[in-house]
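Biologist: I would like to go through this model feature by feature. Please give the general idea each time, then the case at hand.

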Amino acid sequence: MRKLHSVLARTLTSGASTSPGLPDMSEGQSPIHVNNVRSKLRDIVGASTNWRDHVQAMQERKALHTLLAKRQEDLPPRRMKDSYLEVILPLGSQPEIREKYLNVHNSVRFGRILEDLDSLGVLICYTHTKQEMQQRSPLSIVTALVDKINLCQKIIHPDCDIKFTGNVSWVGKTSMEVRMHMLQQHGGDYSPVLDATFVMVARDPENKRPAFVNPLIPESPEEEEIFKQGELNKLKRIEFSTASLLKMAPTAEERNIVHDIFLNTLDPRTVSFRSRKLPPNSVWIEDAKLKGLEICHPEERNIFNRIFGGFLMRKAFELAWATACSYGGSRPFIVSVDDIMFQKPVEVGSLLLLSGQVCYTEKNYIQIRVHSEVYNANTKEHHTTNIFHFTFISENEVPQVVPKTYGESMLYLDGKRHFTAVMKEI
Ligand SMILES: CCCCCCCCCC(=O)SCCNC(=O)CCNC(=O)[C@H](O)C(C)(C)COP(=O)(O)OP(=O)(O)OC[C@H]1O[C@@H](n2cnc3c(N)ncnc32)[C@H](O)[C@@H]1OP(=O)(O)O
C-alpha cells in the first residue's frame with residue numbers, strides 16, 4: 001500500500017496544486033467557499049429553493065430555449081484557464097463544518113467529498129459555458145460519467161483545510177471532460193490527495209435534448225497534451241464498452257480463468273459437474289453482497305429537480321464500503337473509483353434499490369460493484385440507473401471470491417477488468 005501510494009503521490013504532484021499552465025488564484029479571483037458552490041449553481045439556472053415552487057421554476061426555464069446555440073461554431077471558444085476554479089473546504093480554520101464530514105474513524109467521509117466534486121464539476125462546466133449577456137444559463141448540465149478518481153492518501157484528515165481545483169480539459173459537441181484535484185494543507189503546504197476526471201453533458205433548459213457547448217482551444221503544448229488525453233479517454237471508453245461482457249464473449253485467456261475456477265471447485269469425491277465445493281479461504285460470490293434501499297426525498301434533489309448525482313455516489317460508496325468491510329473483516333480504504341455511469345436520471349420520490357457486490361479480490365484488494373435501480377411500485381418495473389465501481393484495500397489479506405454460475409463468472413471477469421485497469425493507471 002505504501003508503495004502504491006508513493007507512486008500515486010509522484011503521479012499527482014506535478015499537476016495538483018494548480019492545473020498545468022493555469023493561473024494561480026492569487027493572480028485575481030479568490031477561492032470559493034465550498035458552501036457557496038451549490039448556491040451559485042442555483043442562481044445560474046434559477047432553481048427553486050422551495051420544493052413547492054419547483055414546477056413554476058421549471059416553467060420559467062422553458063423560455064430560455066431561445067438562448068440555445070443552433071451550431072457549436074456560433075459559440076465563442078474558451079481557454080482552459082477560463083473555467084479554472086478553486087474551492088476551499090476549511091475543515092482546519094472553520095471547525096463548525098467538520099461534523100458533516102467526520103466518520104467514526106476520525107477521518108473525512110469520502111462520500112461527502114464525492115458530493116463536493118460533483119457540484120464543483122458542474123460549476124466548472126457552467127463557468128466554461130458562461131455568456132456575459134445571459135442572466136441565467138439555458139443549459140442543464142448533468143453528470144454523465146465519473147471516469148476515474150485515484151487517491152494517493154489513505155487518510156483524509158478532518159482538521160486540515162482542503163482545496164479543490166479544476167477546469168474543463170476536453171470538449172466534444174455537447175459533452176465536457178473536467179479534471180479536478182484535491183489537496184490538503186499540512187503545515188504551510190498543500191499536498192495532493194486525489195485526482196478526478198468527470199464527463200458532464202449539456203442539455204436544453206428542460207433537460208430533454210443535448211445542447212451545444214463552447215469549443216475549447218488548447219493554448220500550449222502542455223494543454224494540447226491534456227486535450228489529446230481527453231480524446232483518448234473517449235476512445236478508450238468506447239473500446240471498453242464495445243468489449244463489454246454484456247455484448248461479447250470473454251477472451252480466450254478469460255475463459256481459461258473461469259474454467260480453472262470451475263475445476264478448482266469440483267468435489268474430487270464425486271464425478272459430477274454439479275457437485276461444487278468451496279476451496280479453502282474462499283467465499284462464494286453469492287454470499288458476498290449487501291443490499292440497501294433509499295427513498296429519494298426532495299431534500300436530495302439537484303438544480304433540475306432530479307436526484308443529485310453526488311448523493312447517489314455517496315450512498316453507493318457507503319454501501320460499497322460496508323460490503324468491503326463485512327467481507328474483509330477489517331477497515332477498508334478507498335483506492336480508486338472508476339467508470340460510474342449515470343444511465344438514467346433518478347426522479348424525486350423514487351424507491352432506489354442498491355446492491356453492493358464483491359466481484360473480484362486479489363491479496364488485500366477488494367473490487368466492489370454497486371448496481372442501483374429504481375423500482376416503480378405501481379407498475380412493478382425495475383430500471384437500472386447507475387453502475388458504480390470501487391476498489392478498496394483492506395488492512396489484511398482477504399479471502400478469494402469465487403463465482404459459481406456463468407453470470408457470476410462474468411461479474412468476476414468484469415471486476416477483474418476494472419481492477420486491472422485501475423492498477424495500470426496508478
Ligand atoms: C441544489 C444542490 C445540488 C446542486 C448540484 C448540481 C449538480 C447537478 C449534477 C447532477 O446531479 S446530474 C444527476 C446525475 N446524472 C444524471 O441523472 C444523468 C442521467 N443520464 C442521462 O440523463 C443521460 O444518460 C445522459 C444525458 C448523460 C446522456 O444521454 P444520451 O445517452 O441520450 O446522450 P446522447 O447520445 O444524446 O449524447 C450526448 C453526449 O453525451 C456523451 N455521453 C453520453 N453518455 C456518456 C457517457 N456515459 N460517458 C461519456 N459521455 C457520454 C455523448 O458522447 C455525447 O457527447 P458529444 O455530443 O460531445 O459527442
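Modeller: Helices and strands here are DSSP runs, numbered from the N terminus. The model is a predicted one. With that numbering, K380 falls in the loop between β11 (365–376) and β12 (381–394).

Biologist: Is K380 buried or exposed?

Modeller: The cut-off for exposed is over 50% relative accessible area. K380 has 55% relative accessibility, so K380 counts as exposed.

Biologist: Which loop holds N106, and what is its phi near?

Modeller: N106 sits in the loop between α4 (98–101) and α5. Its phi is near 60°, again a positive value in a residue other than glycine.

Biologist: How should I read a pair of packed helices?

Modeller: Two packed helices are described by the angle between their axes and the distance between the axes. Take helix α2 (residues 34–45) and helix α5 (residues 110–128): their axes cross at roughly 45° and come within 10 Å. Angles under 35 degrees count as roughly parallel, and 65 to 115 as roughly perpendicular. α2 and α5 are therefore oblique to each other. The crossing of α2 past α5 is left-handed.

Biologist: Which residues of α2 and α5 make the contact?

Modeller: From α2 come V34, V37, R38, K40, L41, I44 and V45, and from α5 come E115, D116, S119, L120, V122, L123 and Y126. By class, the contact of α2 with α5 has nine nonpolar, four charged and one polar residues.

Biologist: At what angle do α5 and α8 pack, and how far apart are their axes?

Modeller: The angle between α5 and α8 is about 160°, and the axes are 8 Å apart. Angles over 145 degrees count as roughly antiparallel, and α5 and α8 are therefore roughly antiparallel to each other. α5 passes α8 in a right-handed crossing. On the α5 side the contact is made by F110, G111, R112, L114, E115 and D118, and on the α8 side by G309, G310, F311, M313, R314 and F317. These residues of the contact of α5 with α8 divide into five nonpolar, four charged and three polar.

Biologist: Where is F311 found, and is it buried or exposed?

Modeller: F311 is in helix α8 (residues 309–328). With a relative accessible area of 3%, F311 is buried. Leaving aside neighbours within four places in sequence, F311 is in contact with E115, E294 and E300. F311 and D116 are 195 residues apart along the chain, and their C-alpha atoms are separated by 9.8 Å.

Biologist: How do α7 and α9 pack?

Modeller: Helix α7 (residues 252–264) and helix α9 (residues 406–425) pack at about 125°, with axes 11 Å apart. α7 and α9 are therefore oblique to each other. Their crossing is right-handed. In α7, E254, I257, V258 and I261 meet S409, Y412, L413, K416 and R417 in α9. By class, the contact of α7 with α9 has five nonpolar, three charged and one polar residues.

Biologist: What does I261 touch, not counting residues up to four places away in sequence?

Modeller: I261, whose place is in helix α7, touches V402, P403 and Y412 under that condition. I261 and P403 are 142 residues apart in sequence, yet 7.8 Å apart in space, C-alpha to C-alpha. I261 is buried, with a relative accessible area of 16%.

Biologist: How many disulfides does the structure hold?

Modeller: A disulfide needs a pair of cysteine sulfur atoms within 2.5 Å. The structure holds zero disulfides. For C325, the closest cysteine sulfur is in C359, 17 Å away, which is too far for a bond.

Biologist: What are the relative accessible areas of C325 and C125?

Modeller: C325 is partly exposed, with 25%, whereas C125 is buried, with 0%.

How values were computed
Residues numbered from 1 in each chain as written. Predicted model: local features only at pLDDT ≥ 70, side-chain atom pairs only at ≥ 80, totals over all residues. Heavy atoms only, no water. Axes fitted to C-alpha atoms, helices over the stretch in contact; angles between N-to-C directions. Helix = DSSP H or I, 4+ residues; strand = E, 2+ residues; numbered from the N terminus. Left-handed = near helix turned anticlockwise from the far one by under 90°. Contact = heavy atoms within 4.5 Å. Nonpolar A, V, L, I, M, F, W, Y, C, P; charged D, E, K, R; others polar. Buried < 20%, exposed > 50% of the residue type's maximum accessible area, 1.4 Å probe, protein only.
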